[in-house]
Amino acid sequence: MIDEADYARFLVRRREEILERIGAAAARAGRDAGEVGAIAVSKTVSEREVLLARRAGWDAFGENRPQELVRKTEALSGEPEMAGVRFDMIGNLQKNKINQVLGRADLIHSISSSHLAEAVSTRSAARSLVSDVLLEVNVSGEASKSGFAPDDLRAEVERVVGLPGIRVRGLMTMAPAGDADAARRTFCGLRELAEELRARTGLSLEVLSCGMSDDFELAVEEGSTLVRLGRCVFDQGYALR
Ligand SMILES: *Cc1c(COP(=O)(O)O)cnc(C)c1O
């Protein structure tokens with residue numbers, strides 16, 4: 001059994017440490033820390049812990065499964081403290097689950113193919129919605145990772161950004177685990193690809209969603225505007241290095 005008051009204090013302390021580290025990483029790169037947002041990835045915790053995290057100051061959460069996003073947003077919808085809090089869909093999205101997240105997720109980070117972009121486009125347009133999305137890119141080229149191959153995205157971006165019912169706000173990637181140099185190259189590659197696509201499409205593509213617990217400082221140094229943090233926010237056993 002965790003002591004709730006202790007856990008609430010941990011969440012506050014940890015958030016301060018994380019924000020300090022984001023600020024320091026931004027400063028090292030000559031960036032303004034105000035350009036860097038963070039979402040608390042709540043996929044492993046209950047609504048109760050989300051509420052405690054909200055009280056600790058977190059105002060944006062991420063879920064990787066549609067059912068869980070629905071369950072948490074519904075369970076928390078009556079809580080006055082949760083007003084204005086954002087929930088993003090960050091995980092693999094199957095076509096038959098799209099309708100569950102439309103209108104509920106503030107930003108879908110994981111548009112990993114032009115087929116999925118088309119499906120979200122069609123379903124959003126049918127409901128007169130314009131869904132904010134990020135295009136997920138497999139920058140590192142690992143077979144285990146989903147996302148557009150960079151060359152496929154170069155070839156398809158103009159068509160994808162022209163689809164109705166979606167607004168492409170930027171790019172997202174996941175770095176290889178446990179290899180800082182490879183992670184840095186991945187984040188740098190995402191930023192360079194975004195610059196190229198900005199020039200090509202005229203879109204601002206202002207969101208670069210990259211960086212997780214193990215590598216968020218590297219991601220901020222390399223230009224991330226949105227880090228997605230799970231274990232380092234919620235797990236008392238996770239040591240920030
Ligand atoms: C779980 C998850 C995260 C957070 O990972 P941590 O290592 O726990 O910070 C970020 N992004 C996605 C897509 C995830 O599934």
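Let me start with the largest pocket, which holds about 440 Å³ of space, where a volume means the space filled by probe spheres set on grid points that are joined across faces, edges and corners. A pocket here is found on a 1 Å grid over the protein atoms alone, as an open set of points where a 1.4 Å probe fits, with protein on both sides within 12 Å along at least five of seven lines, and its lining residues have an atom within 4 Å of a point. Please keep in mind that this is a predicted model, in which local features need pLDDT of at least 70 and side-chain atom pairs count only at pLDDT 80 or more, while totals for chains, interfaces and linings use all residues. Residues are numbered from 1 along each chain as its sequence is written, and side-chain values use heavy atoms, with hydrogens and water left out.

The largest pocket has 20 lining residues, and those nearest its centre are Val-41, Lys-43, Asn-64, Ile-90 and Met-212. Strand S8 (226-229) and helix H9 (231-234) each contribute at least two residues to this lining; helices (H or I, at least four residues) and strands (E, at least two) are DSSP runs, numbered from the N terminus.

Where does the ligand sit? The ligand sits in the largest pocket, and sitting there requires that more than half of its atoms lie within 2 Å of the grid points. Around the ligand we find ten names to look up on the screen, Val-41, Lys-43, Ile-90, Met-174, Met-212, Ser-213, Arg-228, Leu-229, Gly-230 and Arg-231, each with a heavy atom within 4 Å of the ligand.

Now to the polar contacts, that is, pairs of N or O atoms within 3.5 Å. A side-chain N or O atom of Ser-213 is 2.5 Å from an oxygen atom of the ligand, and one in the side chain of Arg-228 is 2.9 Å from a ligand nitrogen atom. Arg-231 takes part through its backbone, where an N or O atom lies 2.8 Å from an oxygen atom of the ligand. Of the 390 Å² of accessible area that the ligand has on its own, the protein covers 90%, with areas taken from the Shrake-Rupley method and a 1.4 Å probe.

Finally, the second largest pocket has a volume of about 370 Å³. It is lined by 21 residues, and Ser-213, which we met beside the ligand, is among the closest to its centre, together with Gly-178, Asp-214, Asp-215 and Arg-241. Helix H7 (180-201) and helix H8 (216-221) each give two or more residues to that lining, and H8 gives the most, with three.

Methods. Polar contact = N/O pair within 3.5 Å; in protein donor to acceptor, adjacent residues only side chain to side chain.
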